[in-house]
Amino acid sequence: MADENTNVQSGTAKKVSLDKKTRQSVMWRSAFLQGSWNYERMQNGGWCYAMIPAIKKLYTTPEERTAALKRHMEFFNTHPYVAAPIIGVTLALEEERANGAPVDDTAIQGVKVGMMGPLAGVGDPVFWFTVRPLLAAMGASLAMSGNILGPILFFVLWNVIRIAFLWYTQEFGYEAGTRIASDLSGGMLQKVTKGASILGMFVLGALIERWVNVTFTPVVSTVKLSEGAYIDWDKLPAGAEGIKQALLDQAAGMSLTDTKVTTLQENLNSLIPGLVPLLLTLFCCWLLKKKVSPIVIIIGLFAVGIIGHLIHLL
């Protein structure tokens, strides 16, 4: 795509393109994606706000601009940073539409919906759980030693990484969107959304073990340990020597008590760790597929958890 603001003469029709300055304006506005977050359509207000420079550039009549604004006021919700490549693809589709390509509202909304869900699961582990904690730890270590560069380093590095990611992934999406728009009948759109879905499901599967926790407390067996397999507290020396000996015995693998208690959860973990959280997640996905309200599912999980705790199952 051309970076200059050009109107290319093609026969009798003039082709309008989004110049680099306009795309940069969209990128800076996308930083406020959650500025008007709402419970009905989530980030739609911030998304529409980010698209305004492109809409003004591509469309000249009030009717076209109004239609474009309405088109981008539909539901949208994803991680605020990984929205950048989706914005890029959408910019390319809007550009092709403005130049007469058969890109309708359904195609544009389909790209947004098809990509926002899978990519949402990528942003949290990458930015909130990896990049930001690492930079914060680096800055905190300097700050604790009295170095003023600690908070400055964190602020500068974080924003450099954040802004660079927003710009370059938006540009990547913009270039990819051009190929999608030129091959709407060739299945490229389906390939992009399918690839994003596979990536999102992979990340979701990897995070189930971390985010979903189910622990069964019933005791399956209680075995009396033989002498020497556990710490005999009565035979330990008094004072600090006794504490030191107990710690050494525990590090050597000796039990703290004379009995070994095995719970149902320990048996499940020995078979397939994380099996119950996976089954619970798949069950919730099945309920959502059956059009069960997420609110009903959340209330149901609360009820099962409370009842399970009262009967000493969970």
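A crossing of two helices is left-handed if the near helix is turned anticlockwise from the far one by less than a right angle, and right-handed if the turn is clockwise. The model discussed here is predicted.

Q: What is the handedness of the crossing of helix 2 and helix 3?
A: The crossing of helix 2 and helix 3 is right-handed. By the definition, the near helix is therefore turned clockwise from the far one.

Q: Why is helix 2 called roughly antiparallel to helix 3?
A: Helix 2 (residues 44-58) and helix 3 (residues 62-71) pack at an angle of about 155 degrees, and their axes are 10 Å apart. Angles over 145 degrees count as roughly antiparallel, so helix 2 is roughly antiparallel to helix 3.

Q: How do you know which residues of helix 2 and helix 3 meet?
A: The test is whether heavy atoms lie within 4.5 Å. By that test C48, I52, I55 and K56 in helix 2 meet R65, A68 and L69 in helix 3. These residues of the contact divide into five nonpolar, no polar and two charged. K56 and R65 are counted as charged because Lys and Arg belong to that class.

Q: What makes helix 1 and helix 2 roughly antiparallel or roughly parallel to each other?
A: The axes of helix 1 (residues 20-30) and helix 2 cross at roughly 160 degrees and come within 7 Å. That angle is over the limit of 145 degrees, so helix 1 and helix 2 are roughly antiparallel. Helix 1 passes helix 2 in a right-handed crossing.

Q: Which residues make the contact of helix 1 with helix 2, and how do they divide by class?
A: From helix 1 come T22, S25, V26, R29 and S30, which meet Y49, A50, I52, P53, A54 and K57 in helix 2. By class, this contact has six nonpolar, three polar and two charged residues.

Q: How many nonpolar, polar and charged residues are in the contact of helix 10 with helix 11?
A: Helix 10 (residues 275-289) packs against helix 11 (residues 294-310) at an angle of about 145 degrees, with the axes 10 Å apart, and the crossing is right-handed. L280, C284, L287 and L288 in helix 10 meet P294, I297 and L301 in helix 11. This contact has seven nonpolar, no polar and no charged residues. The result follows because Leu, Ile, Cys and Pro count as nonpolar.

Q: Why is T90 called buried?
A: The relative accessible area of T90 is 0%, and buried means under 20%, so T90 is buried. T90 lies in helix 4 (residues 83-98). Leaving aside its neighbours within four places in sequence, T90 is in contact with W47, M51, H72, I108 and K112.

Q: Why is F154 called partly exposed?
A: F154 has a relative accessible area of 22%. F154 sits in helix 6 (residues 149-181). Beyond its neighbours within four places in sequence, F154 is in contact with R132, L135 and A136.

Q: What makes G205 partly exposed?
A: At 41%, the relative accessible area of G205 lies between the limits of 20% and 50%, so G205 is partly exposed. G205 is part of helix 7 (residues 188-211). In sequence G205 and L278 are 73 residues apart, while their C-alpha atoms are 8.1 Å apart in space.

Q: Why does K291 count as exposed?
A: Exposed means over 50%, and K291 has 75% relative accessibility, so K291 counts as exposed. K291 is in the loop between helix 10 and helix 11. Its phi is also positive, near 70 degrees, in a residue other than glycine.

Q: How many helices and strands are in the protein, and what share of its residues is buried?
A: The protein has eleven helices and four strands. Of its 314 residues, 35% count as buried.

Key
Residues are numbered from 1 along each chain as its sequence is written. This is a predicted model: local features need pLDDT of at least 70, side-chain atom pairs count only at pLDDT 80 or more; totals for chains, interfaces and linings use all residues. Side-chain values use heavy atoms; hydrogens and water are left out. Helices (H or I, at least four residues) and strands (E, at least two) are DSSP runs, numbered from the N terminus. Buried means under 20% relative accessible area, exposed over 50%, partly exposed in between (1.4 Å probe, protein chains only). Axes are lines fitted to C-alpha atoms, for helices over the stretch in contact, and angles run from 0 to 180 degrees between N-to-C directions. Angles under 35 degrees count as roughly parallel, over 145 as roughly antiparallel, 65 to 115 as roughly perpendicular and the rest as oblique.
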